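I am opening a notebook page on a structure that I have not looked at before. My entries follow the order in which I looked things up.

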Amino acid sequence: MHLARFPRIFLAHLPTPLERLDRLSRELGGPEIWIKRDDCTGLSTGGNKTRKLEFLMAEAQEMGADMVMTQGATQSNHARQTAAFAAKLGMACHILLEDRTGSNNANYNGNGNVLLDHLHGATTAKYPGGTDMAAQMETDAQPVRDAGRKVYLIPGGGSNPTGALGYVNCAFELLGQLNDRGLKVDHILTATGSAGTQAGLITGLMAMNAGIPLLGIGVRAPQDRQEANVFALAQATAAKLGCPDAVGRDDVRADCNYVGKGYGIPGPDTIEAIRMFAKLEGILLDPVYSGKGAAGMIDLIRKGRFTKGQRIVFLHTGGAAGLFGYDNVFAEGATGA
């Protein structure tokens, strides 16, 4: 599959490392756990959105844009990486932030990713939870366009067929690493939210007939809606690549039992997962995506879904900068929301 047909700006630090988690594997007593370190993609502490932005920002430049606009939750990793990419390219950036948690914590609203958004030169505007953010972004873009700016709109999470190409490429990269090391893998797991990472991965894996199941651990939507969103985007991505029948409905699987009280609200299982990765492996997860994804993986191992003798890969989507907006849940004695 020839991804060089599509415009791309090569800024990510690739390939990202593939590491075995010996101490975590021993602690859980189940499968051999490996981690794909997409927290190491570069650009403002890295994360999974950088892969997507290589294709999205190239498309923006090809269309002559001098400004990008995107949207996400208050502590959006995607917003921070978009702001950093725009800064690198000398483009203006405006971010619409949705208050999905109702938190009044000063660090949540001004530290972490929000602080970095502004350091990269982006402007931000905040909207209440439940706002139709895609429609709001169109509304906010119009007066800017009327003033003469050429604005390129990036959907939340960078999750459209162009952005998903970044994770088609990641599937190629990961399989190459596994092949080069002679590693047979039984399952891949990752957090899934706006759908682009899971959709790109499953499209790449199926297009290459990898034979490795992929499970998304949902962080926001119920299972039926999450799987439908991922499948629709995978279909559109496969069509963009010229292999429209690559992904079947049964290939898309999400477990949404670890959302807890809602998006961006870490429960005790998420806090436990973050502490385990930090203390056992020196790896920082985030409270919104990778922490919930890891919590799901840990629980499924404890329940016997993945067992000794198997090998699994957890794809780390990044986001550690968000920890500084959640200092209150890591205070001594705190157990999560």
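How many residues does helix 7 have, and how far does helix 7 reach from its first C-alpha to its last? I am working from a predicted model, in which local features need pLDDT of at least 70 and side-chain atom pairs count only at pLDDT 80 or more, while totals for chains, interfaces and linings use all residues. Residues are numbered from 1 along each chain as its sequence is written, and side-chain values use heavy atoms, with hydrogens and water left out.

**Helix 7.** I find that helix 7, residues 161-181, has 21 residues and reaches 31 Å, close to the 30 Å expected at 1.5 Å a residue (the expected span is 1.5 Å times one less than the number of residues). Helices here are DSSP runs of H or I with at least four residues, and strands are runs of E with at least two, both numbered from the N terminus. I count helix 7 as largely enclosed by the rest of the structure, because 16 of its 21 residues are buried (buried is under 20% relative accessible area, exposed over 50%, partly exposed in between, with a 1.4 Å probe and protein chains only).

**Its two ends.** At the N-terminal end I noted Asn 160 as the cap of helix 7, with a side-chain oxygen 3.1 Å from the backbone nitrogen of Thr 162. Just after helix 7, Gly 182 takes a positive phi of about 65°.

**The core.** I then looked up the largest nonpolar core, which has 28 residues, and Leu 178 and Ile 188 are among those with the most contacts inside it (such a core is a set of buried Ala, Val, Leu, Ile, Met, Phe, Trp, Tyr and Cys residues joined through side-chain atoms within 4.5 Å). Helix 7, helix 8 (196-207), helix 9 (223-241) and strand 10 (311-316) each give two or more residues to this core, and its largest share, six residues, comes from helix 7. Leaving aside neighbours within four places in sequence, I find Ile 188 in contact (heavy atoms within 4.5 Å) with residues including Leu 174, Leu 205 and Val 313.

**Cysteines.** I found zero disulfides, a disulfide being a pair of cysteine sulfur atoms within 2.5 Å. Cys 93 is buried at a relative accessible area of 6%, and Cys 256 also counts as buried, at 14%.

**The whole chain.** Stepping back, I recorded eleven helices and ten strands for the protein chain, and buried residues make up 57% of its 337 residues. Its C-alpha trace spans about 60 × 50 × 35 Å along the principal axes.

How values were computed:
Polar contact = N/O pair within 3.5 Å; in protein donor to acceptor, adjacent residues only side chain to side chain.
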